[in-house]
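This report goes through selected helices, sheets and chain contacts of one structure. The sequence and model are shown first.

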Amino acid sequence: MTATVLICEDEPIVALDLEMLVEGFGFQVMGPYASLRAAEAALAERTPDAAILDVRLTDGEVFPLADKLQAQKVGLVFHSGHAYEAEVSKSYPGCRSCQKPVATDRLKQALLSVTRDAVSDPC
Amino acid sequence: MRDDNQGSPRAAEEESEAEAQERLCIVGIGASAGGLEAIREMLTQASAESNLAYVVVQHLDPNHESLLAELLGRHTELEVTQVSGGETIEAGHVYIIPPAHGLSVKNGVLHLTEFSQPRGLRRPIDDFFESLALDQGRFAACVILSGTGADGSAGLRAIKEHGGLCIVQSPDTAKYDGMPTSAQATGLVDFVRAPDQIIEAVLQFYAHSLVDKIDERLARTVEQSISDICAVVRSYVGHDFSGYKQSTLVRRVQRRIQVLDLGDASEYLEHIRAEPEECEILFRELLINVTRFFRDPEHFEVLRKRSVHPLVRDARDDDEIRIWVPGCSSGEEAYSIAMMFAHEVRLQRRSVNIQIFATDIDEQMLRLARDAVYPQAALGDIPEEMRDLYTIARDGKFQVAGKIRDMIRFSVHSIVRDPPFSAIDLLSCRNLLIYFGDQLQTAVLPIFHYSLKPGAKLFLGPSESIGRYDHMFQPVDQSARVFQRLEGSPKYPLQLRGQTRSEGSQTRRPARDREASTRLEWNDSGAVDRILSQFAPATLQVSRKGEILKSTGRLGKYLDFTPGRDDSQFAANVARPGIRDALSALIRQVAQNNKRTLSRDLTAQSEFGRQELDLIADPLNDGTILVIFRDRDRFEPLSDDDEVDDLDPSDSHVQSLEDELRSTRHRLHTTVEELETANEELKSSNEEMMSMNEELQSTNEELSTVNDELKTKVDELSIANADLSNFFASTALPLVVVDADLNIRNFTDAIQSIYPFRGADRGRPLTEVTSTLRRNDEVLSAIRAVMQTGEVSHMRVSDRAQDRTWSLVITPYRTPDGDLDGATLVFTELTEAILLEEALKHEGERLRLALDVAQLGVWECNPEGGVLKFDDTGSSILAADFNELTHEDLLARVASEDRERVREAMKTDLHGAGGVDVTFQIAGDLTENRSLQLVGRRVDGHRTSRVLGVIFDVTEEQQAKRVRELMLREMNHRVKNMFSIISGMVRIAGRTTETVPDLVASIEDRVSALARSHDLTQSSPGAEQLTIEDAVRASLDPYTDGTNIEVTGPRITVNSQELTALSLLMHEWATNAAKYGVLGPVAGSLQVGWEQAADGEVTLTWNESYAEALSSQEGPAGFGSTLVKLSASQLGGSVAVDATAENRTTRLKYIPGPSGVTE
């Protein structure tokens, strides 16, 4: 079964890029969502295996969503221009961070590592 | 008379055994005229280290303050003090006698004494030396320096008697040699030295005794050899000292060893054997004694009452009162007693024969006694009523009057060796027994008992007693030591000592014996009388003039005594005819040549008959002549024939001549007596003159001392004056001294700038001198005020041009007595200081302005004090009501989160070398969040250091900083985002384009579109909002040439996110139109329009109208259309395309978000 990756990104080009990349890695993409509201609405219907989260979305920071995902044991990859790595990894143990602009390999590694915990074999 | 205090030297000796190691030696220095120089020379050599202390006794003018201490102090390293009484003498000090006082020492403490004698008779040196001798024994030394008179000679004797050291300045180095010469004449001086060698001699002498062990060892060797030494003395001098007190002997022998600087007693024994002179010296040394006229006057008074008065009162007219003074030394005691008797006789108006026998074993002393010349100073000891009667002044000295001298017979006689005198009425033996050992004393008292008549008095010294002979004597007055001989058979003491007198000593002595006479008593026993009267030839004792002194035997055959004639009988006058001439010739001859002479074959004719005889005249030692009549044949009774011969004309002629001579002599005698009376009067006038002279001399001495002192003082004053005038000439300080009348007394050269004084202005009133001062009258009145009140006045004065300013201090000028006598004006130029002050003020103002404008508060604190002082600005910044805050006060105003940091900074930085620089927020001020910065730096002053600092409000800076940080973070975010977009774009493009040039072109286009959109946001003025038109025009900007483009629409603002999306969207549209539409290959026009509906939805229409109908203008759906879709979705809107052959219309519908620059 193909793992599902939730993408939250408010920048359309970046979102498209991510979508393409993640699909390219062989995951099923959920989103991308530019706002928390949209993402939360989607989450009500389905729980992804992993999530790539831009910190700042159109309607605020992503952390409330991240908390929910954490509670549901969804593997988190933070994708941000901010250097929040230290703080974030403290609040969300096991999460990964990828600095913008993202490198393809690094994103792939991050996704694989977080999904490995959640799903036995993503590929 | 010998000294009465035997206890002290012995005590001193015992003491010395215990503490000689540290024993202090006191050197008494006696000086008078010319003494200052000698003392100075002497003390220059003195070291403060040695164990010597010095006491200077100088004759001083009682009415004049002495500068001696001050003058001496500069020439010696010793500490010099003028005595004020009660000082304990310490080594290394010099004590100076104060004027008008005497000085004495007791237990090492100096005391002032009042003079009892009038000026001229005072003997401060003698008095001090005597007390010093009693107090310090052999640790007293005396030095006699320059001076006139004889003060010190008696004191020297006391020092010597107690074992001390006597040194005299050599007379040739002394300015006035009176005192040294007189001292030397006593024969008791140990050293005669120049002043600068005196200390050396003292040190040499005491080198032995100052160290315990050496001293003891020396004493022991002396003890061992004392009998040998006595034997040597006895063999040379003939006097045996072995019965004397051993302690005295040892001490005096030891002294000689010290003076000679010998190692021990055996060396001395060798020395004394080799040098007979030394024998003499030791002999004299052993006999040293202190004597004075009327020593212990109260005892003499007792003696007068108990003995002299009754003796004179009870004497019958022709009685002779016989007095014996053994151990008379230099005669003072004998003369004292003689004067007492003479005075008593005078008072009682009696005529009594007084015969005083004064004996001693020392011929030298006896010679002094016979001369009866004593230093003027000793006159004070003689009671005033006797002074004029019995003394005659002789050039600084005095002599005992002839009538007193005539009462006394001085002779060499040893009480222990020679037979004693007998039938004595009074025996005075003072201070002799104390020198005798027990054995000798035991021998002597029975001798005295023998000599004295029953009931006669014995007068002893204060510390002598009769011991166990209370059966012989009974005290009459115990304290005055007057005793009465008890009844009892006199026992002639046969065991006289010294009987073994060697022949050797006999042969040495005649030279001296010639001068002395031993009066031999004939009436020792009846046997002698019997022999003389019955068996001896008739004998006469006559004086050299032929006066009959004594007679024995039957003389009637030879002499013709005339009864009833009391006056002296001359032998020649009473001789029988026939021997008269021979007798007078014989006496004359013997008197002249002093040889025994015989006159043979004479015949004495008397009325009874004639007698053949030889006449022998034999001179005796006492100057009298013994005339012995030795019969040659039997007496021939007178026959008638002989009567004729009786009237021998030659005999009667001689007789008449002699009678005439006698009457002439008588007349001569009367004349002589008259002459003597006149002479006596002259003498008394002379005496008066002498005593006046004496006073003048002592005044002169005192004056010369004062003169010496003043001379030295004047020298010092002229140096001080030179210093002062140099100071006046060289100082840059303007100074004027005025006297009480405002006359100029003195001024410095620097005063010229204020008062143009010339040298001649001294003495002119200050009021007359022109001054450059603007308000000179104020200065003058201030001077007057100072002279009235005596208080210092300060004022500020300036010259007329007001170019220069001075601070003027007017101080009262006080005389040494403390009286106000003028004023001193000292000017200190302030011009520079005032300029500086003004400059400083300006500087301060500038600084204040800067501080005020910058809202800087200033503070300072003492690192130790812990209090920070803020100025007003500072305390208002801190919102404090007061200016001084402690550290805790300050910290209380710091927000709690900053407090520890500030505390730490204050603690470390204030005490460290650097400064403080700390920023903090104010506590309890949540709304404003004011921040303050406190900066301080340590400033090191001359003695203290303090911390100076400023405090200021940095709230704005802090806020600006926070904003800046926020902006930076945002910028960073955006840049990263942009990178993300670009990298996304690259990746997307990579998937949708086939060739690299296409990829590059598509990316390049879009990146530049993004850049343009970015430019748009940046180039727009901050306040102005961007509109849709801006975005449209920016997108169309590259295509404006040649094509008909119409842009219409209302003003609708867009936010930056919308702008980016809009820009990208418009870019895609424009690119598409350029590739396939009216902006490119197809001719036509472009209309871009927008409108906003009532619900806010904006419709943007892109309409291309073709000039010719187009069959198909649709490009392939690729990256561009994806971007358009994405952009539209980003705007939350939708895009619809409506294409015909004539035109192509694309519509974007979206609802604009809230406008604003920031998200």
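Directly after H6(B), Gly187(B) has a positive phi of about 75°. The model is a predicted one. Helix H6 covers residues 178-185 of chain B and is mostly covered, with 6 of its 8 residues buried. The buried residues of H6(B) are Gly178(B), Met179(B), Pro180(B), Ser182(B), Ala183(B) and Gln184(B).

Several elements of chain B contribute to this cover. They include strand S7 (140-144), helix H5 (153-161), strand S8 (165-169), strand S9 (191-193) and S12.

## The sheet containing S12

In chain B, S12 belongs to an open sheet of 3 strands, ordered S12-S14-S13, with antiparallel pairing. Strand S12 (373-375) and strand S13 (391-394) of chain B are at the edges; each has a single partner strand, so one side of each lacks a neighbour in the sheet. On average, neighbouring strands of this sheet are turned by 35° against each other, direction ignored.

S13(B) and strand S14 (residues 397-400) of chain B run antiparallel and are joined by 4 bridges. In this pairing, Arg394(B) is opposite Lys397(B) of S14(B).

## Helix H9

Of the 15 residues of H9(B), 11 are buried, so the helix is largely enclosed by the rest of the structure. The buried residues run through Thr248(B), Leu249(B), Val250(B), Arg251(B), Arg252(B), Val253(B), Gln254(B), Arg255(B), Arg256(B), Ile257(B) and Gln258(B). After H9(B) comes Asp261(B), with a positive phi near 60°.

## Packing of H9 against H10

Helix H9 (residues 246-260) and helix H10 (residues 265-274), both of chain B, pack at an angle of about 85°, and their axes are 10 Å apart. An angle from 65 to 115 degrees counts as roughly perpendicular, and H9(B) and H10(B) are therefore roughly perpendicular to each other.

On the H9(B) side, the contact is made by Val253(B), Arg256(B), Ile257(B) and Leu260(B), while H10(B) supplies Ala265(B), Tyr268(B) and His271(B). Sorted by class, the residues of this contact are 5 nonpolar, 1 polar and 1 charged. Val253(B), Arg256(B) and Ile257(B) of this contact are also among the buried residues of H9(B).

## The six-stranded sheet

Chain B also has an open sheet of 6 strands in the order S33-S32-S31-S36-S35-S34, and the pairing is antiparallel. Its edge strands are strand S33 (884-886) and strand S34 (916-921) of chain B, each of which pairs on one side only. From one strand to the next, the twist averages 25°.

Within this sheet, strand S35 (residues 931-940) and strand S36 (residues 945-953) of chain B pair in the antiparallel sense over 9 bridges. Gly936(B) has Gly949(B) in S36(B) as its bridge partner.

## Contact between the chains

How many residues of chain A are in contact with chain B? There are 11 on chain A, in contact with 17 residues of chain B. On the side of chain A that touches chain B, 6 residues are nonpolar, 2 are polar and 3 are charged.

Technical notes
Residues numbered from 1 in each chain as written. Chains lettered and ligands numbered in written order. Predicted model: local features only at pLDDT ≥ 70, side-chain atom pairs only at ≥ 80, totals over all residues. Pairing = 2+ DSSP bridges. Helix = DSSP H or I, 4+ residues; strand = E, 2+ residues; numbered from the N terminus. Axes fitted to C-alpha atoms, helices over the stretch in contact; angles between N-to-C directions. Parallel < 35°, antiparallel > 145°, perpendicular 65-115°, else oblique. Contact = placed C-beta atoms within 7 Å. Nonpolar A, V, L, I, M, F, W, Y, C, P; charged D, E, K, R; others polar. Buried ≥ 20, exposed ≤ 12 C-beta atoms within 10 Å, placed from the backbone.
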